[in-house]
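Thanks for making the time this morning.

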Amino acid sequence: MKQYIVDAFTDHVFKGNQAAVCVMDHWIPEQLMMNIAMENRFSETAFLVKEKEHYHLRWFTPGGEIDLCGHATLASAYVLFHFYEKNADEVTFDTLGGTLKVVQKGDLLEMDFPAYDLKQVPVTDAMEKAIGVRPLSAYMGRDLLCVLPDEADVVKAEPDMGAVKELDGLLLHITAKGKNGFDCISRSFAPKLNVTEDPVCGSGHCHIIPYWARTEGRNELKAYQASSRGGVLYCTMEGKKVKLAGKAALYSIGTLYLEGTEPEEKPEEQEKAV
């Protein structure tokens, strides 16, 4: 089975967020998908099967299946546009998070995602302990969003992962007003999914962008995720939807040798062909 590795929200390899993408003719057992995700150790591994005109897309972290993922969706669309649907300018995915569309717009891939309804929650000592900085405010959607006083607080944060696990929400996102051409800056942490830091989190921006669009009073925002890899997202708030656009770069194409399947070529035959 082929597996593509794509760096999303960047146009350079070794930046952005890595995702593995497996495009399949039929579904393999769920435990096998989980094992592949654990073997990859990326934030997400995406599995796709074409069903009529749409692709059924599932995302697995090393800690289990998740209901929404931006960077692996962008990576999946990149693979389809370049290798499977070369004449298409739009692909549609059926997912646990609903029907998602990705459109090619020049060198950007634009995803149409649902925005999370944020509920303000009290700032707690536990949040401060987990992050190392006391948030100015906090909000809950699927994940916990904490707004910090300054961009530097986000960049320099060294969260206590044990304490983060004790907080409400699936992931923790920290954000602040951006500088140097970016409207907002953020980082995302997911120890509950066996992912310490998600380098660039698309679903996280379904929390982050609704907050900043309301705070800044405008719908178009350029966001930067300040992980060690870094990534840029071009975002538009439209009603209850968030459009997330970014670039992607192909890192590798490989073959998975799975128990019970026969590869087209034996490894030694592939070596001779190189």
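Strand S16 (residues 231-238) supplies the largest share of the lining of the second largest pocket, 3 residues, where strands (E, at least two residues) and helices (H or I, at least four) are DSSP runs numbered from the N terminus. Before I go on, this is a predicted model, in which local features need pLDDT of at least 70 and side-chain atom pairs count only at pLDDT 80 or more, while totals for chains, interfaces and linings use all residues. Residues are numbered from 1 along each chain as its sequence is written, and side-chain values use heavy atoms, with hydrogens and water left out.

That pocket has a volume of about 160 Å³, and of the 13 residues that line it, the closest to its centre are Phe9, Thr10, Asp11, Gly231 and Val232. On a 1 Å grid over the protein atoms alone, a pocket is an open set of points with protein on both sides within 12 Å along at least five of seven lines, a cavity is a set where a 1.4 Å probe fits but cannot get out, and lining residues have an atom within 4 Å of a point. Grid points are joined across faces, edges and corners, and a volume is the space filled by probe spheres set on the points. The lining of the pocket divides into 4 nonpolar, 5 polar and 4 charged residues, counting Ala, Val, Leu, Ile, Met, Phe, Trp, Tyr, Cys and Pro as nonpolar, Asp, Glu, Lys and Arg as charged, and the others, Gly among them, as polar.

Among the 14 residues lining the largest cavity, Glu44, Ile66, Leu171, Leu193 and Asp198 are the closest to its centre. The space in this largest cavity is about 80 Å³, and its lining is made up of 8 nonpolar, 3 polar and 3 charged residues.

Now to the strands. How many residues of strand S1 (residues 2-8) are buried? The count is 6 of the 7, so S1 is largely enclosed by the rest of the structure, with buried meaning under 20% relative accessible area, exposed over 50% and partly exposed in between (1.4 Å probe, protein chains only). S1 runs antiparallel to strand S18 (residues 248-255), joined by 7 bridges, and antiparallel to strand S2 (residues 17-24), joined by 5; two strands pair if DSSP finds at least two bridges between them. Tyr4 has Ile253 as its bridge partner in S18 and stands opposite Val21 in S2.

Strand S12 (residues 172-177) is also mostly covered, with 5 of its 6 residues buried. S12 pairs in the parallel sense with strand S11 (residues 144-147) over 4 bridges, where Cys146 is partnered with Ile174, and it is joined antiparallel to strand S13 (residues 184-190) by 6 bridges. In the hairpin of S12 and S13, which has 6 residues between the strands, Asn180 takes a positive phi near 55°.

Finally, Ser137 in strand S10 (residues 137-140) is buried, with a relative accessible area of 8%. Leaving aside its neighbours within four places in sequence, Ser137 is in contact (heavy atoms within 4.5 Å) with residues including Gln120, Cys146 and Tyr211.
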